[in-house]
Amino acid sequence: YGLNTAAKAAHKLYFGTATDNPELNDTAYVSILKQYKEFGQLTPANSMKWYATEPEPGVFTFEQGDQIADLAKDTGKLLRGHNCVWYSQLPDWINNGTFTAPELKFIVERHCYTLVNHYKSQVNCPISDSWDVINEPFNDNGTFRTDLWYDVLGTSYIPIALRAARAADPHAKLYINDYNIEGAGAKASALKDLVKSLKDQGVPIDGVGVESHLIVGEVPADMQQNLAEFTALGIEVAITELDIRFEALPPSVAGLEQQRSDYETVVAACNAVERCVGVTIWDFTDKYSWIPSAFPGEGDACPWDANLLKKPAYYGIISGF
Ligand code: XIL
């Protein structure tokens, strides 16, 4: 019995984790990662991003992404493609380039089509079951992020990318993924409005990814209600990048108990919403969590500690399903 077993017993599609190529040399780590009872789904934390997959214009490199896709395939796990269009981790040729709108439209279409096509599902053998086609398009106040896509193409880059992904793989579930949309607020409302308008225009959109990079003691009380509001728009949702960090280290025993309860609350929120299809944690161990590098001084956000031992949070996930 494990986390994925618990998810499936609750009629969810999977419980999964992000992973990254350098960690795949750690045999103790990999022996847990491979266990289907714990993880029925993988997301590459970095190796399908633009800088990794199209380092030069029109030149595609899939070796690192393939390593994770092959691991998923060999262990019977679903794969989440992450991601097609984002403002961050772009190659220099994009960051330093200047493009007209028609040029950038072509660049977005070529990238999304080629990437999604490479990992496309096959009948009876879903390789990449879902894609974060658009990653983090909003500011926290609900306005669109004025990144290079928006600056040149306005909001049109969103349907351009979604249509290219759909053309490449009609079976993949196409998502918009963002953070700070776990509870209701300006950003969640803006995303709901975007989904509505895309659906009204016949643009393919299948789901919203709710990242869920949360802080211990601060899980929004209305998370379940908010997830239900997303699904009421006629789409699915997934918890795509869950981790729950301590702002001060080391945590106390009571802190670890609170973290257990917070993991349980998030999982239970997904569990209670029929079209919340699964939960993915943003790596499973504090040994490889991205938190200390992104939020200096913070951490211990994962259900396994840095010695690969299960924390109370692990059992919170089990009880949430
Ligand atoms: C993070 C990775 O985990 C890090 O290794 C990398 O240095 C930066 O990106 N939201 C996302 C993910 O959608 O792609 C980010 O992943 C975490 C925040």
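## Close-up views of a predicted model

**View 1. Ile 134 counts as buried, because 28 C-beta neighbours sit inside 10 Å.** Buried here takes 20 or more other C-beta atoms within 10 Å of a residue's own, exposed takes 12 or fewer, partly exposed is in between, and C-beta atoms are placed from the backbone. This is a predicted model, so local features need pLDDT of at least 70 and side-chain atom pairs count only at pLDDT 80 or more, while totals for chains, interfaces and linings use all residues. Numbering starts from 1 along each chain as its sequence is written. Ile 134 belongs to strand 4 (residues 128–135); helices (H or I, at least four residues) and strands (E, at least two) are DSSP runs, numbered from the N terminus. Leaving out residues up to four places away in sequence, Ile 134 touches Val 85, Ile 158, Ala 161 and Ile 176. Contact means C-beta atoms, placed from the backbone, within 7 Å. Cys 84 is 50 residues from Ile 134 in sequence, yet the two are 6.3 Å apart in space, C-alpha to C-alpha.

**View 2. Here are the residues around the ligand.** They are Ala 45, Asn 46, Asn 135, Glu 211, Glu 241 and Trp 290, picked by having a C-beta atom, placed from the backbone, within 6 Å of the molecule. By class, that shell splits into two nonpolar, two polar and two charged residues. Nonpolar covers Ala, Val, Leu, Ile, Met, Phe, Trp, Tyr, Cys and Pro, charged covers Asp, Glu, Lys and Arg, and the others, Gly among them, go down as polar.

**View 3. Glu 241 is found in strand 8.** UniProt lists Glu 241 for "active site" in an unreviewed entry; such annotations may be inferred rather than shown by experiment. Glu 241 is buried, because it has 24 other C-beta atoms within 10 Å. Neighbours within four places in sequence aside, the contacts of Glu 241 are Ala 18, Glu 211, Ser 212, His 213, Thr 280 and Trp 282.

**View 4. Helix 10 (residues 223–231) has four buried residues to look for: Met 223, Asn 226, Leu 227 and Phe 230.** Those residues cover an arc of only 100° around the axis, so they fall on the same side of helix 10. The arc is that of the directions from the helix axis to the C-beta atoms. The buried residues of helix 10 pack against helix 9 (186–200), strand 6 (207–210), strand 8 (236–245), helix 11 (253–272) and strand 9 (276–281).

View 5. Most residues other than glycine have a negative phi, and most peptide bonds are trans. The peptide bond from His 82 to Asn 83 is cis, with omega near -10°, and Asn 83 lies in strand 3 (residues 78–85). Another cis bond runs from Leu 249 to Pro 250, with omega near -5°; Pro 250 is in the loop between strand 8 and helix 11. Glu 136 has a positive phi, near 55°, and sits in the loop between strand 4 and helix 7. Asp 300 also has a positive phi, near 50°, in the loop between helix 12 (291–294) and helix 13 (312–320). Asp 300 is buried, because 24 other C-beta atoms lie within 10 Å.

Conventions
Two residues are in contact if their C-beta atoms, placed from the backbone, lie within 7 Å.
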